[in-house]
Amino acid sequence: MNPVSYQRASSIDQAIQMAAGGRGRLLGGGTNLVDLMRKGVERPSSLVDVTTLSDAIEETSEGGLLIGAAARNSAVAAHLQIRSRYPMLARSILAGASAQIRNMATVGGNLMQRTRCLYFQDVAGARCNRRAPGSGCDAAGGFNRYHAIIGASPACIATHPSDMCVALAALDARIQVAGTRGARTIPIVDFHRLPGERPDLETEIEPGELIVAVEIPPPRFARSTYRKVRDRASYAFALVSVAAGLTVRAGRIEEIGIAFGGVAPKPWRAFKAETALRGGPATSQAFEAALADELADATPLPGNAFKIELAQRTLSAVLTELSGSDR
Amino acid sequence: MSRMQNAVVESVKTVLGWVPAQWLPGGTPDPLILRRAAIGRQASRLDGPEKVRGQARFAAEVAMDRLCYASLVHSTVTLGRITRLDTANAEAAPGVILVMTHRNMPRIGTLALIGLTDLSAVGNSSLPIMQEPAVRYNGQVVAAVVAETQEEADHAASLIEIDYAVDTAKTRFDDAKDKARTPASILIEKNHVSVGNAERELGRAPHRVDNIYRTPGHNHNAIELHGVTVAWQGGSLVVHDATQMIAPSANALAKLFGLKKEQVRVLSPFVGGGFGGKGLWDHQVVAVAAARLVDRPVRLMLSRDSVYRMIGGRSPTEQRVAIGADADGQFTALVHTGYSIMPPYGACPEQYTLGTRALYRSKSFEIVQRHVDLDVVPNTFMRAPGEAIGTFAVECAIDELAHAIGIDPIELRRRNEPDRHPISDAPFSQRALTQAYADGAKRFGWERRLAEPGARHDGEWRIGMGCASGSFPYARMPGANVRITLRRDGSATVSCSAQEMGMGTATVQVQHAADRLGLPVEAITFEMGDSALPAGPMAGGSSQTVSVAGAIMAATEKLTGELLRLAGNDSPIAGLRAGDVRLVDGGIAGINDPSRRESYRSILARAARDEVTVSAAGSAPLEMLKFAMHSSSAIFCELRVSKVTGEVRVDRLLGSFDCGTILNPKTAASQFKGGMIMGLGLALTEETLFDERSGRIMNATLADYHIPSHLDVPEIDVMWTGIADPRSPLGARGIGEIGITGVAAAVANAVFNATGKRIRDLPVTLDKLL
Ligand SMILES: Cc1cc2nc3c(=O)[nH]c(=O)nc-3n(C[C@H](O)[C@H](O)[C@H](O)COP(=O)(O)OP(=O)(O)OC[C@H]3O[C@@H](n4cnc5c(N)ncnc54)[C@H](O)[C@@H]3O)c2cc1C
């Protein structure tokens, strides 16, 4: 690990100033950044601790919630409003990492966490376009079970690993950021970028900008949940995960939100499938057909081709459960 | 081992076949089998309170004055040569005391590989350690930095620049199979066993199965990372190590650094998990050399990444198992062949076929292992090397055959239960596997299993049950020494350089010594973990307990003689000989006439002695050669497989063991359960991701190498026959490794019962079940 200086920001303005021009790297709980520093993937020379910024969880005037970027993952998952009104969000967080890591991890850090691709993490032994642009991608011909089946590019097939972000995507959350050029709000579905030719550019955030809060609109689903699929029962990233919310009235789908984890370089909001399903019948045939369309452009690899069927089955099971049509 | 050694072992076995059993160790059963007080009692581990309070000092925690810290640099290429080595930036970095590479590392020889002949031969690799620019595997140590703090050492290590000329390496298992070697022996057993014509019998058999099973590589993941704290004191060397082989390591280091045995002291009072991985590897040697160059004590604790790079794990295997059976299900052919990795500089043959020889009767056998040579960190022993994965292949095949014939898999096993060793014809010392099955099946509720696969459901879950046999050979190591000091106040100290890896070594030997010496457990101290004590055996092969016990038996015999001599002619026991007495209630008493007795206190007082000390070595373990001696088990598993996702969740696991006398139910249950949990990892999640393109391990972290998490571990039930082995000290056999054996097969068999899908490649991951 390289020598590094450490400062603690006491206000948003101070944090912006300390991090201006990308001089200081923001530090949340450190559960991802510090690991990557130990591995030499990240080599910041200065850290700006932003865990002192707002960690409040408050109701907004429009009836949604505003979550401070420094809120710990476990605090968000335990929050009564979130558990009762946004169960998919609480469940997605609890499905991730371990209790200890969730106690440290912040909402800002979770949004910004980097891929778990084995080749991305191996500075000494592997090529990776995301870590070292232009060097090549060793994952494509290597171990890619955890990699993307959709939204990837020849340059990079890595997935975004977050569970929380998948629920945020289905909930249409908005990310509030602040920087030297002022404040702005970015919809979560636009927040993470697809790799294209530049996998190293991971989010819409500019150097020196920071996440201040996450805004969640008022609940729009009668029922919602999160289901994560993995070999190990706990403490493993998703092979496939589904965040879904549903309102069914008289057998017709009135409102629906679906996002996938583990299948794409970003939390994958299934807009196509939602459009196909909205207003239609809540039957498993409809669910399956809609998703087949959504994944028609999938580009699986030998190591992860099983995810197409897995995603389909998981989504279908989740929607069936939510629509109560199994009863 | 060579062909000649094969011949020697075979002829010793033949001779022993003619020698009456009474002449051998264990010829008459150990009297303590019937007469025990502390042994067999539930007792908590003596080291428990110290560990819970954080007071136990592990090797990388020992404090020393002027201590400095080392960090390692690993090769990032697989085969090649260092062509440029720039250490200037590292040398100039803050706090750096030394950068050591092949250029300035003291010149030393190579380690002798672990064998069973020379007790200082404990190397896991015979490659030179930082002696030359050549690189032989990806992850090999190429440089070490010593600095004032760990952080400074780690940072400086990252500043070393190295260029390599790269050669084409052998990294592909399938490609290397063509050039596989067929060794003459596997450990001390002949490798190729051919009885009758198995292929022909197979061709004729009305029922047969013939399949290939694959198991991946595994890495060691003890909680405690490998670590040493090393100090040169004058010309002598003190090494605080995390090791399973204290005395042999001291000998090996002495040899390597040109010292006398007495000049090297290895201390290892506690080891935070060994499982075969805590042997002598490059890091101890590098730390010793670095400490000499900086003339200060050096601590080297490996990172988790370093453990993956430089400590070998379990070899991957490809195994063929074929079984032919007649109409009644009696085996006419048993074939077990396959491939595993063993580079010429490695020591571990991954003996996956050894267990197969003793499990079933068959008209014919064809058994042979082939070694694939790859440029990798040499694989090593890992909990139940061989048996853990060998039983996966064989016990799945049994289940497949039972299904094909249409009989219960336990019944099929019962029909093929051998009454003597199926290959050597040696008698079993004791074997009650059939009873273990019967007891286990009853407790588990095996009768509720539906033979038809996929017949039980609960919502989206398919439910299945499976079972499998586990097996592990008995071993007692030669050359185990102990010293016993008996004091006039009725207390005794037993000393032996034994190892405590958390299994309860001291606890159980205190129980044993108490009964052996006729004293209460509170009167006994067991000193261990230090090579300055009488040389104990290594902790490996599930053999430490009986090896130390055998030495304590021998020393007690000597002590008895010594006490009888001291008692002299004025004692109530005068005239009695060692064979006529027993040690009981703090003294010596006649066996036939217990009223003739005298207390230790009285004997020593009359002889004007404060204490009496004896040392002895255990007898040669000839019982191993005359008898077939194995621990065995029946493992039962019930699990669920999601129809939606293919996820496997284990609901119940039961192990029914036949391992001789259980010396302490509490520590034994922990060993069994720990082994079974490791078996769950083997079955469902563990896999070293070795990239055959680069020769590099890609998942060198616990985040990416998945051992079972708490949620993966169900309620585990263990039980045992408790039948004593008449041929072993205390009637005990090994229990440390048997727990992992059979588990992977029981899981895979239960998966088949749940889904109708036969998974022959470990781990059984969800994609294989979609
Ligand atoms: C073993 C392990 C298992 C895990 N398993 C899971 C899992 O199953 N599911 C899952 O979702 N996650 C998992 N995680 C990841 C975990 O969720 C993230 O590490 C965590 O959310 C990161 O939060 P942090 O506050 O610690 O971020 P840090 O490590 O402090 O920072 C991460 C990144 O965020 C940036 N950052 C921090 N705060 C801000 C801010 N306010 N504005 C802008 N940028 C900021 C940092 O500069 C850095 O680039 C796992 C992690 C580990 C180590």
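Which polar backbone atom lies 2.9 Å from a nitrogen atom of the ligand? The atom belongs to A:Ile211. This is a predicted model, in which local features need pLDDT of at least 70, side-chain atom pairs count only at pLDDT 80 or more, and totals for chains, interfaces and linings use all residues. Residues are numbered from 1 along each chain as its sequence is written, chains are lettered from A and ligands numbered from 1 in the order in which they are written, and side-chain values use heavy atoms, with hydrogens and water left out.

Stay with the ligand. A polar side-chain atom of A:Arg25 sits 2.8 Å from one of the ligand's oxygen atoms. A:Asn110 places a backbone N or O atom 3.5 Å from an oxygen atom of the ligand. The protein covers 95% of the 980 Å² of accessible area that the ligand has on its own (Shrake-Rupley method, 1.4 Å probe).

Now widen the view to the shell. It holds 33 residues, and the closest are A:Leu26, A:Gly29, A:Thr31, A:Thr106 and A:Asp163. A residue belongs there if one of its heavy atoms lies within 4 Å of the ligand. Chains A and B both contribute residues, so the site is shared between chains. In chain A, strand E2 (25-27), helix H2 (33-38), helix H7 (107-112) and strand E8 (210-216) each supply at least two shell residues. Helices (H or I, at least four residues) and strands (E, at least two) are DSSP runs, numbered from the N terminus. The largest share, 4 residues, comes from H7(A). By class, the shell has 15 nonpolar, 13 polar and 5 charged residues. Here Ala, Val, Leu, Ile, Met, Phe, Trp, Tyr, Cys and Pro count as nonpolar, Asp, Glu, Lys and Arg as charged, and the others, Gly among them, as polar.

Next comes the interface. In chain A, 34 residues are in contact with 35 residues of chain B (heavy atoms within 4.5 Å). About 2700 Å² is buried between the two chains, and carbon and sulfur atoms give 56% of that. Buried area is the accessible area (1.4 Å probe) that two parts lose on being put together, summed over both. On the chain A side, A:Phe143, A:Arg232 and A:Arg313 lose the most area to chain B, together 23% of what that side buries.

Charged pairs also cross over. The rule finds 3 salt bridges between chain A and chain B (a side-chain nitrogen of Lys or Arg within 4 Å of a carboxyl oxygen of Asp or Glu). One salt bridge joins the side chains of B:Arg696 and A:Asp122, at 2.6 Å, N to O.

How values were computed: A polar contact is a pair of N or O atoms within 3.5 Å; within protein, one must be able to donate a hydrogen and the other to accept it, and residues adjacent in sequence count only if both atoms are side-chain atoms.
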